[in-house]
Amino acid sequence: MAKTKELSKDVRDMIVDLHKAGMGYKTIAKQLGEKVTTVGEIIRKWKKHKRTVNLPRPGAPCKISPRGVAMIMRTVRNQPRTTREDLVNDLKTAGTIVTKKTIGNTLCREGLKSCSARKVPLLKKAHIHARLKFANEHLNDSEDNWVKVLWSDETKMELFGINSTRRVWRRRNAAYDPKNTIPTVKHGGGNIMLWGCFSAKGTGQLHRIKGMMDRHMYRQILGENLLPSARALKIGRGWVFQHDNDPKHTALATKEWLKKKHIKVLEWPSQSPDLNPIENLWRELKVRVAYRQPRNLNDLEKICKDWDKIPPEMCANLLQETSDLCQHGFCHQVLSHVLQRGQILISLIKMQINF
């Protein structure tokens, strides 16, 4: 039997209006050209529910029982990396046969969605304790304390390192038009290593590292760039130098050089590259380099001089974020949660900048 077309709401309302005017079913059906049974059904529905639109339909029954949904949620909560195929097999073992699409729809109804796992540093329990100690020690530090810190780090700048993130406006079938593509080469097309520093007052000197850096070269870099940067930024007396626990940084000769120059060093927990706010400035520099599209390593080094053009306001905002996080106790809460749950620490200092 062919499926009939449903009457529009206007026609249904007209049937009800004619019925209210005193017309009978047959008269209404003849006037509107509809079946008497159809007219009668619409009028009876109106008398019972006081509406002419369709009632909500129940739809097909859910293939997964509430108990099965609870089992799925328990499995995903304990093992977030569980695949839909794994859940299909678990339900099949329990006597319920469903598809992966049904599993996905069930998880969506429960407020879950499939996401790419974030990559974070691998921390051992000792690293977590060290971070907790660091957060507790700096929990009540004021903004003035962070303004006095001169942050430093090294980074690798690749010739084609971040071009893959560029977006283009194109038509449907123009994906491989040369002007809509980004050339890629193996290993980033070459790279240079840089050392840099910054404070709340702005960026310090940028130094290109040529060859393999050892403790002797590192001391030379500090001698040529650290103190001049501190003077140029006018940090003032009592400033603190930050660098990580790289063996070249913690070498005895390096420590003696810093002590001889009366430079106070910020104690830094191991395995904590994500705690250093300079990572955000490296990201900003890489975005600027990608926009300029260097053709060779010499161009790359010249363009990296844009480090000096990063506005001091951005540097100050990074350190303001650090102060706010500590004053509000966020770092303490996050670190305590990490210690209890054994999860990887979300950055204490790193500010989320949208590029």
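Me: Why is Trp268 called buried in this model?
Reply: In this predicted model, Trp268 has a relative accessibility of 7%. Buried means under 20%, so Trp268 counts as buried.

Me: What makes Trp151 and Trp268 an edge-to-face pair?
Reply: Trp151 is itself buried, with a relative accessible area of 0%. The ring centres of Trp151 and Trp268 are 6.0 Å apart, and rings pair if their centres lie within 6.5 Å. Their planes stand at 75°, and planes over 60 degrees apart count as edge-to-face; the pair is therefore edge-to-face.

Me: Why is this pair said to tie together parts that are apart in sequence?
Reply: Trp151 belongs to strand β1, whereas Trp268 is in the loop between β5 (264-265) and α12 (278-292). The pair therefore ties together parts that are 117 residues apart in sequence.

Me: How many aromatic pairs does the structure hold?
Reply: The structure holds four aromatic pairs. One of them, Trp146 with Trp151, is stacked, with 6.0 Å from centre to centre and 20° between the planes; planes under 30 degrees apart count as stacked. Ring pairs link Phe134, Trp146, Trp151 and Trp268 into a cluster.

Me: How do you know whether Asn180 is buried or exposed?
Reply: The relative accessibility of Asn180 is 15%. The cut-off for buried is under 20%, so Asn180 counts as buried. Asn180 is placed in the loop between β1 (149-158) and β2 (191-199). Beyond its neighbours within four places in sequence, Asn180 has contacts that include Val168, Trp169 and Arg170.

Methods:
Residues are numbered from 1 along each chain as its sequence is written. This is a predicted model: local features need pLDDT of at least 70, side-chain atom pairs count only at pLDDT 80 or more; totals for chains, interfaces and linings use all residues. Side-chain values use heavy atoms; hydrogens and water are left out. Helices (H or I, at least four residues) and strands (E, at least two) are DSSP runs, numbered from the N terminus. Buried means under 20% relative accessible area, exposed over 50%, partly exposed in between (1.4 Å probe, protein chains only). Contact means heavy atoms within 4.5 Å.
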